[in-house]
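Subject: Structure handover

Hello,

Here is the structure I promised to pass on.

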Amino acid sequence: MAWWRLLVSKTPTATPPSLLPNPNPNPNRLQLSLLLLQTSPFSTSFLITKTPKKFKKKRKKDESPRTKLVQTQPNLIPHFEHIVERDAHYRFLTKSRDFLSKQPHRVLRLDDAGKLHRELGFPRGRKIARFLQRHPLLFQTYRHVDNKMWIGFTEFMEDLLEQERVIVDSMESDRVNKVRKLLMMSSNKRIPLSKIYHCRSLFGIPEDFRDRVSKYPNYFRTVIEEGGKRMLELVNWDPLLAVSTLEREFIVDEEKVKRAFRFPVKHGKDLGLEKEDERKLNLLNSLPLVSPYSDGSRFDLWTLEAEKYRVGVLHEFLSLTLEKRASIHHVVEFKEEFSLTKHTYQMLFKQPRTFYLAGTEMNWVVFLKDAYDQNGVLIEKDPQVVFNEKLYKYAEMKEMEQGCVDQWK
């Protein structure tokens, strides 16, 4: 072992960094940190080297089309947005009324109703009893002889539905003309019966309209296509019906119709046109209008005439509705029949003088602005609209008020 001691004694001992002379008499902070890390005999794992999660600045999530509003604050019209919110509020009432009306004896077992959230218009996972309690004048629950709970209409609601039936019968001629005009606007003069049925409440068309069309063989006939699809086809073209609302307004107020749509002419800035001159130049594109009762399939897809035709079709389509408005689901329903494109949303958004888009980008609703006054009230109300407003009023009551009792009787 002597040779080992000799070897160790001749090996030079490493000098610690802390004892070495510092060439820089004023070391900076980085050098000090490195020096402490090299000489510290303790662990530094307890030191916080990252910003704690609770102190991090939260990144704002991008809004999805499901929640992002169509309109920004400067362009937002509150009374139109309120109508969209009202429809969502009464979705349970409207859908439950339609569904229960088609059931035998207009009743439904409560256990079954709790599973029909889509058909009855309440959120999945919620209890239907909570929604029934919101409208005690219209819906009721009772225990049947089978010891099961059932839901149905109150006596008051039954009387209201009878009033509605009288209104529907009295407006049959008007509804027939609406369907005729829809068929006249369609590309092949035929529309699937299922599509008309799906949008029947939009136009005030009765539930049993598929049976009623047989009463008008001079106007309609039912055709079975390949695959078993039932189509409603137009029998006779009526030139008196083939006049759009815009064409009738043009005779009364020409300037109003000229301002309805805007199809600007592209020109360079160096022209330096004044507003009035620019408006006259744009009229070259805006007029003449293209009738929505012309054949839209003959226009080239991206021409000015095709766009004017599609805008005119949607204007006439909204004019036929009860409340002069329609949701995206109603518009898309007739996409093929009216030769519409996937850019319908952008097309409507470019015409703010006539159309107003409310709601969210995924579930927008288009309004015909001229059909409403400055307070958001329809200027001309269909009898069905008057009835619906009365129904909404009763839906908010917890008990019958004296004035309403006298009116009801």
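At 18% relative accessibility, does Tyr 345 count as buried or exposed? Tyr 345 counts as buried at that value. Buried means under 20% relative accessible area, exposed means over 50%, and partly exposed is in between (1.4 Å probe, protein chains only).

Some ground rules. This is a predicted model: local features need pLDDT of at least 70, side-chain atom pairs count only at pLDDT 80 or more, and totals for chains, interfaces and linings use all residues. Residues are numbered from 1 along each chain as its sequence is written, and side-chain values use heavy atoms, with hydrogens and water left out.

**Aromatic pairs**

The whole structure holds 20 aromatic pairs. Rings of Phe, Tyr and Trp (its six-membered ring) pair if their centres lie within 6.5 Å; planes under 30 degrees apart count as stacked, over 60 as edge-to-face and the rest as tilted.

Tyr 90 and Tyr 392 are stacked, at 4.4 Å centre to centre and 5 degrees between the planes. Tyr 90 lies in the loop between helix H3 (78–89) and helix H4 (91–101), and Tyr 392 in helix H19 (residues 383–395), so this pair ties together parts 302 residues apart in sequence. Helices are DSSP runs (H or I, at least four residues), numbered from the N terminus. Tyr 90 is buried at 8%. Tyr 392 is buried too, at 12%.

Tyr 345 and Phe 349 have ring centres 5.9 Å apart and planes at 20 degrees, so they are stacked. They sit 4 residues apart in helix H18 (residues 344–349), about one helical turn. Phe 349 is partly exposed, with a relative accessible area of 38%.

Ring pairs also link Phe 92, Phe 122, Phe 131, Phe 139 and Phe 153 into a cluster.

**Charges over rings**

Arg 200 lies over the face of Tyr 197, 4.1 Å from the ring centre. The charged end of Lys 393 sits over the ring of Tyr 394, at 5.4 Å from its centre. The test: NZ of Lys or CZ of Arg within 6 Å of the ring centre and within 35 degrees of the ring normal.

Regards

Note on methods
Helices (H or I, at least four residues) and strands (E, at least two) are DSSP runs, numbered from the N terminus.
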